Amino acid sequence: MPSFIIRRLLLIIPTVFIAVSFLFFLFYALPGDPATLIAGGADRNPNPIQIQQITEQYGLDDPIMVQFFNYWKDVLSGDLGQSFQRNQSVNSILADKAPNSIRLAMWAFLIELMVGLSVGIYSAIRRYSWADKLTTVGTAAVSAIPVFVLGFILQYAFAVYPNKQGWPEWMRLRTSGIAAPRTEEEWFLFFIPVGPEQWRYLVLPAITLASVSTALAARMMRGSMLETLGADYMRTAKAKGLSERKIVVGHGLRNAMLPVVTLLGLDLGATIGAAVLTETVFSWPGLGSTIADAVTNRDLPVVLGLTLAVVVVYSLINLIVDVSYAWFDPRVRLGEGGQ
Amino acid sequence: MTNPPHVDGIEISPTGALPAELPHTSQPVGLWSDVWRRFRDNKLAVAGLVFVFLLILVAIFADVIAPYSITERDSSQFRSGPSSDHWFGTDLIGRDVFSRVVYGSRVSLRIGIVSTLIAMVIGVFLGAFAGFVGRWPGALVMRITDIFLSVPYIVLAIAIATVFGRSENSVIVVLGLTGWLGVCRIVRASFMQLNNMEYVEAAHALGFRGRRIMFRHMLPNSLQPIIVYGTIAIGSAILAEAALSFLQVGPQDPTPAWGLMVSQGKGDLANAPHLVLFPGLAISLTVLAFVLVGDGLRDALDPKLKTR
């Protein structure tokens, strides 16, 4: 087991290297001169001397391999570079935005776990009931609605419309921003919204971000639970005279969780995509909206730095998923033969 | 001993008349007619299929169906709600939303289908190669797939779209180049299983070339998951196209891409929610239809799943 974890940790290094290098060369092929961009954009006609200075300062006229080498040298020493667009280092952008994203993702994940799994289990136990049918259709429908459309629908229903109708203040949720000044001390409290005002900013984006993966988790949980309920050991448990609750929770759940756990890991890539859209729709100042913004502004260092962070986190979470897979199913022998 | 009065196991009724409909016992039931029979029983899947057909008709006859062109402006109506003149209302500069949604079906279907075809071809070739050859070339392909999967898909897509320029074709290229990962894994897994089948060994023993074994012998046998995946993938591609259009890295203004229409209409949710609602509904229903057809196909192709 430890050797498996170490091997997987080592595999993250080439993955991150190749992914970020790929983006580096991709952006190098982009039309448009970053120096002009830093100086204020082509439409402002920045003065050539300034452009010259910037080009030298950032080493933009070095051969690409030199720039590439320098970039990795800086990254390895813990410096992700300087944003082209804003007067800020990528490290500080990362430190600013990451907690916001984690806060949103954490609550979305809680919703996914609680709603997705319980709906899936219920629907499996009461198979062919109207609730089950509703789940099947509902989950398919929710995963077909684009994240951004769902975001706007929720905004309209819970914020814009109540505002228009002049409903009491507490019934109107917020559509943009985060409303949470972060203090240095007690940083861990940041993840738990304080007071009704902060909740009102959090609820809609959290539901929006959670929607797709919740629907997926519910479908997966249902299918997996149905399969488990038909297993021999479940019949044995029933024959022993255990209560249905004990059978489902004690015997079924742990076994049915297996494929769902894998899904939660695999699904992470899609969740990151959903996060970009959700944060854009709700002007949530997180990593997703910052990356989208940086890509359209060709702010190369920001894109690379944030992608690097995301890829590392993504790989680590997948590693955790694989390890927990072994915990859920002792039959899975890690590190031997399998991928 | 004389023959009892039955034909192929069918009892003849006392009156001597044959049942109105004979089971096809004498002629083998083909795989596809069997699949179709099971597919037909799934109401949701049939509804999805009907919707897809309708959508294709709408796309083909968009000129006939749409009352206005995509650029025609009604200068007396800006962002007005649905009316008898403009069924889905008008947008910020007075264009008819219904007509634009109708023409938008062309954009979505074209991007969805073409990009999925590209992705399927790449994925099938790489997956077949990785599964058939195995050893280090196969492992290399899977490593590359893992790396692509570990880059947030949407970042990659936005980056590539920015490089290729913001247009319909670049979205097709982007989705084609990023969409092959899933099918590659499926085909590889399927080929690795088939590698051990006797008929594949027999083909090897007969001295057929690898390419022939891969595409003539093995591919037809892994076609079912590919078809199911491909159907759902068209839906996913349309969804991804909408997301890229929404982020303004897809087709540009006069093009009535549904995602772009949502993006243009999002500014005035209070007074003109229809600008988000109708194109949003069009995306959702289209994606849902393809997913339902795909799900139905999967159940119909694999009856074991249903009876379990």
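Helices here are DSSP runs of H or I with at least four residues, strands are runs of E with at least two, and both are numbered from the N terminus. Keep in mind that this is a predicted model, in which local features need pLDDT of at least 70 and side-chain atom pairs count only at pLDDT 80 or more, while totals for chains, interfaces and linings use all residues. Residues are numbered from 1 along each chain as its sequence is written, and chains are lettered from A in the order in which they are written.

Let's stay with H4(B) for a moment. This helix covers residues 97-133, and its 37 residues should span 54 Å at 1.5 Å a residue; the end C-alpha atoms are 52 Å apart, which agrees. (The expected span is 1.5 Å times one less than the number of residues.) Along the way, H4(B) bends by about 25° at Tyr103(B), the bend being the angle between axes fitted to the seven residues ending there and the seven starting there.

H5(A), residues 90-125, has 36 residues and reaches 50 Å from first C-alpha to last, close to the expected 52 Å. H5(A) has a kink of about 30° at Lys97(A), shortly before the proline Pro99(A). Chain A as a whole has 13 helices and zero strands.

Now look at where the chains meet. In all, 33 residues of chain B are in contact with 36 residues of chain A, contact meaning that C-beta atoms, placed from the backbone, lie within 7 Å. On the chain B side, the elements giving two or more residues are helices H5 (135-150), H6 (153-164), H11 (223-246) and H13 (274-301) of chain B.

Finally, how far can you trust the picture? The model scores ipTM 0.80 and pTM 0.82. Chain B has a mean pLDDT of 81, with 89% of its residues at 70 or more; pLDDT is the predictor's confidence in each residue, from 0 to 100. Within chain B, confidence is highest in helix H2 (residues 43-60), at 92, and lowest in strand E1 (residues 6-7), at a mean of 46. Over residues 1-13 of chain B, pLDDT stays under 50. Where pLDDT is low, the predicted coordinates should not be read in detail.

How values were computed. Contact = placed C-beta atoms within 7 Å.
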